[in-house]
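This report describes selected features of the structure displayed below. Please keep the sequence and the model at hand while reading.

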Amino acid sequence: MLWELLFIVLIVLVGAFVQGASGFGLGLVVMGFLPFMLSVQESTLLVLSFLAATALTILIKNYRSVQLKGLIMFVVASFAGRILSFFVLTTYGDMDILKTWLGVFLITLVVYLYFNNKRNVSLKKINKLVPISLGVLNGFFGGLFAVGGTFLVVYCLYLYKEDKHRYTANVQIVTLMTSSFSLLLHGVNGDFDLSFLLYFAVGVVSVIVGAVLGLRWFEKLPASMIRTIAMLLVLLAGLNLILFS
């Protein structure tokens, strides 16, 4: 039990630091490793709670930059995706095959992020179907694997590309809203137990420390460097999930 708690502390600390420094990454980093110790459902619920805590911590500093205009359709679509993922996770969340699917999805995200980083897309080219489709993907994969933030980041980069403070603030407010919605659904369904409370109590300290440290580096360290390191970790974790699940 002691080693499990130390493992959670370390992984969550790294993930929260990445989230604080670059605006996203906690779900990707933590979900790449936590399923080695817990089921996918247990891992997802923990990471969703950590995401909500991290987002709230970051928002305390950046709340003045919140501007939800342009994100309403995205949020509504994301809630729809969260409802769908709730039924999938509660039905198949304890199956080991879901860990293999998670590994494949993580690697796919890493490849996507690597190539998408080299593109320069204008918001003027986006129609109304884009926030709806990205919102549904964010909701479904965010609720299923707690890694839907990538789709949110892509859309917010389109909206707030020239203002990194507004970008990170709006990513966090949407993350807080959608993660809380998923936790509410699972709470009503009775999916939490005493072990969850213990893991959360230990991990939330790492969340706060990691997010605060990441915010300090936010102004100094290139976000691209943080993301590159995080993606390498996620790639390794995804391969391990596929090979050893």
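## Aspartate 193 and its contacts

The side chain of aspartate 193 forms a polar contact with the side chain of serine 195, at 2.6 Å. A polar contact is a pair of N or O atoms within 3.5 Å; within protein, one must be able to donate a hydrogen and the other to accept it, and residues adjacent in sequence count only if both atoms are side-chain atoms. A polar atom of the aspartate 193 side chain also lies 3.0 Å from the backbone nitrogen of phenylalanine 196.

Aspartate 193 is located in the loop between H8 and H9; helices (H or I, at least four residues) are DSSP runs numbered from the N terminus, as are strands (E, at least two). With a relative accessible area of 40%, aspartate 193 is partly exposed. In this scheme buried means under 20% relative accessible area, exposed over 50%, and partly exposed in between (1.4 Å probe, protein chains only). Aspartate 193 and glutamate 42 are 151 residues apart in sequence, and their C-alpha atoms are 9.7 Å apart in space.

## Basis of the model

The model is predicted: local features need pLDDT of at least 70, side-chain atom pairs count only at pLDDT 80 or more, and totals for chains, interfaces and linings use all residues. Residues are numbered from 1 along each chain as its sequence is written, and side-chain values use heavy atoms, with hydrogens and water left out.

## Annotated spans and helix H8

The unreviewed UniProt entry annotates "transmembrane region" at residues 36-59, 71-92, 98-115, 136-160, 166-185, 197-218 and 224-244. These positions follow the numbering used here, feature names are shortened, and annotations may be inferred rather than shown by experiment. In the model, residues 36-59 are 83% helix and 0% strand, with end C-alpha atoms 31 Å apart. Residues 71-92 are 95% helix and 0% strand, and their end C-alpha atoms also lie 31 Å apart.

Helix H8 (residues 164-188) has 25 residues and should span 36 Å at 1.5 Å a residue, which agrees with the 36 Å between its end C-alpha atoms. The expected span is 1.5 Å times one less than the number of residues. Just after H8, glycine 190 adopts a positive phi of about 75°.

## Threonine 57 in helix H3

Threonine 57 belongs to helix H3 (residues 40-62) and counts as buried because its relative accessibility is 16%. Its side chain reaches the backbone oxygen of alanine 53 at 2.8 Å. Beyond neighbours within four places in sequence, threonine 57 is in contact (heavy atoms within 4.5 Å) with Ile208, Ala211, Val212 and Leu215.

## Aromatic pairs

The structure holds 10 aromatic pairs. Rings of Phe, Tyr and Trp (its six-membered ring) pair if their centres lie within 6.5 Å; planes under 30 degrees apart count as stacked, over 60 as edge-to-face and the rest as tilted. Phenylalanine 50 and phenylalanine 200 form a stacked pair, 6.0 Å centre to centre with 10° between the planes. This pair links distant parts of the chain, with phenylalanine 50 in H3 and phenylalanine 200 in H9 (residues 194-218), 150 residues apart. Phenylalanine 50 is buried at 0% relative accessibility, whereas phenylalanine 200 is partly exposed at 27%.

## Nonpolar core

The largest nonpolar core has 64 residues, and those with the most contacts inside it are Leu28, Val47, Phe145 and Val147. H3 contributes the largest share of this core, 11 residues. A nonpolar core is a set of buried Ala, Val, Leu, Ile, Met, Phe, Trp, Tyr and Cys residues joined through side-chain atoms within 4.5 Å.
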